[in-house]
Amino acid sequence: MLALACWTAAAHAQTRPTVTSLGPDFPKVEIFIGNSFFYYNNGMPSQVSQLERAADPEHKEDYRAWMATIGGSGLDWHDVESYFRPGAIAAYHFDEQNNVLFDERDRLFDAAVMMDCSQCPIHPRLKSVFTEFAGKDSAIVRAHGAKPVFFMSWAYADRPEMTAQLAEAYTGAGNANNALVIPAGLAFARAREKQPELGLYAPDRRHPSPAGTYLAACVTFAALTGRSPVGNLYHANLDEPTAKFLQQTAWDTVQDYYGK
């Protein structure tokens, strides 16, 4: 009962964000910079693209996402400037018929979604590094014409107190850098509150299960596009009741966090 109370409290406690939308010029091409929380289950960013394409099938070729991930990494491990080199990441992609398409865009990415290591933003010895590189990397992203976005990660399954701490750290970084924050961690806490039996974690109690990755993707979709994932036909091979619950949880969390 105490653990459930901790998750319930954590699901709602945070500083209010000052940036609540990326519109009207919503991003369609993103780079996700982070660690294994992104690349588990064949990549959370690929699921975001699947949700986007399912929501806008007439323009599905417009939506793409890339990952630059290092296992266990903090933001200070990444050379963000190098990810914007012409002719490197995102220089080409493949269509559904496996034809290679070389991209000719004014900018490589519309947005860069960045995540620090799972505990770095709140670790006594590393939180100042998070603050430093959140500022440096936001400036680099903007210099290349893209929008910086921070991905608020989730608490470990056995440490629910991390939710509010991470929410405070990421919201503070977002406000300091005029950047949107994706409240995935708050969605995990909300889902645990409503359906504690639903497995959102891998056996290590840190990384996401397939359901956890899908929930994170739905939150990211809602935050980046301003659209509700509720009713989206892409379910990532989850059963329909589970997918619908996670879609609704994601949308409710985004609406609450952005105060809409």
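Reply: Gladly, and let's start at H78: the backbone oxygen of G34 lies 2.9 Å from a polar atom of the H78 side chain. Please keep in mind that this is a predicted model.

Me: What makes the approach of G34 to H78 a polar contact?

Reply: The cut-off for a pair of N or O atoms is 3.5 Å, and the G34 oxygen is 2.9 Å from the polar atom of H78. The H78 side chain also makes a polar contact with the side chain of Y83, at 2.7 Å.

Me: Where is H78, and why is H78 called buried?

Reply: H78 sits in the loop between β2 (64-69) and β3 (92-94). Its relative accessible area is 5%, and buried means under 20%, so H78 counts as buried. Leaving aside neighbours within four places in sequence, H78 is in contact with I33, G34, A68, T69, I70, S73 and Y83.

Me: How do you know that β1 and β2 pair?

Reply: Pairing needs at least two bridges, and six bridges join β1 (residues 29-34) to β2; the strands run parallel. In this pairing, I31 stands opposite W66.

Me: Let's turn to the rings. Why is the pair of F32 and F38 called edge-to-face?

Reply: The structure holds 13 aromatic pairs. In this one, the ring centres of F32 and F38 are 5.4 Å apart, within the 6.5 Å limit, and the planes stand at 90 degrees, over the 60 needed, so the pair is edge-to-face. Both F32 and F38 are buried.

Me: And what makes W154 and F188 a stacked pair?

Reply: Here the centres of W154 and F188 are 4.3 Å apart and the planes are at 10 degrees; stacked requires under 30, so the pair is stacked. This pair links distant parts of the chain, 34 residues apart: W154 is in the loop between β6 (147-151) and α5 (162-176), and F188 is in helix α6 (residues 184-194). W154 has 1% relative accessibility, so it counts as buried, and F188, at 0%, is buried too. Ring pairs link F32, F37, F38, F151, W154, F188 and Y201 into a cluster.

Me: Why is α6 described as mostly covered?

Reply: Nine of the 11 residues of α6 are buried. Among them are L186, F188 and R190.

Me: How do you know that K136 sits over the ring of F133?

Reply: K136 lies over the face of F133, at 4.9 Å from the ring centre, and the distance limit is 6 Å.

Me: Which residues have the most contacts inside the largest nonpolar core?

Reply: That core has 78 residues, and those with the most contacts inside it are F151, L200, Y214, L215 and L246. Helix α7 (residues 210-225) gives the most to this core, with 11 residues. Not counting residues up to four places away in sequence, Y214 touches several residues, including L51, Y234 and L246.

Me: Finally, why is L22 called buried?

Reply: L22 lies in the loop between α1 (2-10) and β1. Its relative accessibility is 6%, under the 20% cut-off, so L22 counts as buried. L22 and A223 are 201 residues apart in sequence, while their C-alpha atoms are 8.1 Å apart in space. Not counting residues up to four places away in sequence, L22 touches P27, K147, V149, L180 and L224.

Methods
Residues numbered from 1 in each chain as written. Predicted model: local features only at pLDDT ≥ 70, side-chain atom pairs only at ≥ 80, totals over all residues. Heavy atoms only, no water. Phe/Tyr/Trp six-rings, centres within 6.5 Å; stacked < 30°, edge-to-face > 60°. Buried < 20%, exposed > 50% of the residue type's maximum accessible area, 1.4 Å probe, protein only. Helix = DSSP H or I, 4+ residues; strand = E, 2+ residues; numbered from the N terminus. Lys NZ or Arg CZ within 6 Å of the ring centre and 35° of its normal. Polar contact = N/O pair within 3.5 Å; in protein donor to acceptor, adjacent residues only side chain to side chain. Contact = heavy atoms within 4.5 Å. Core = buried A, V, L, I, M, F, W, Y, C linked by side-chain atoms within 4.5 Å.
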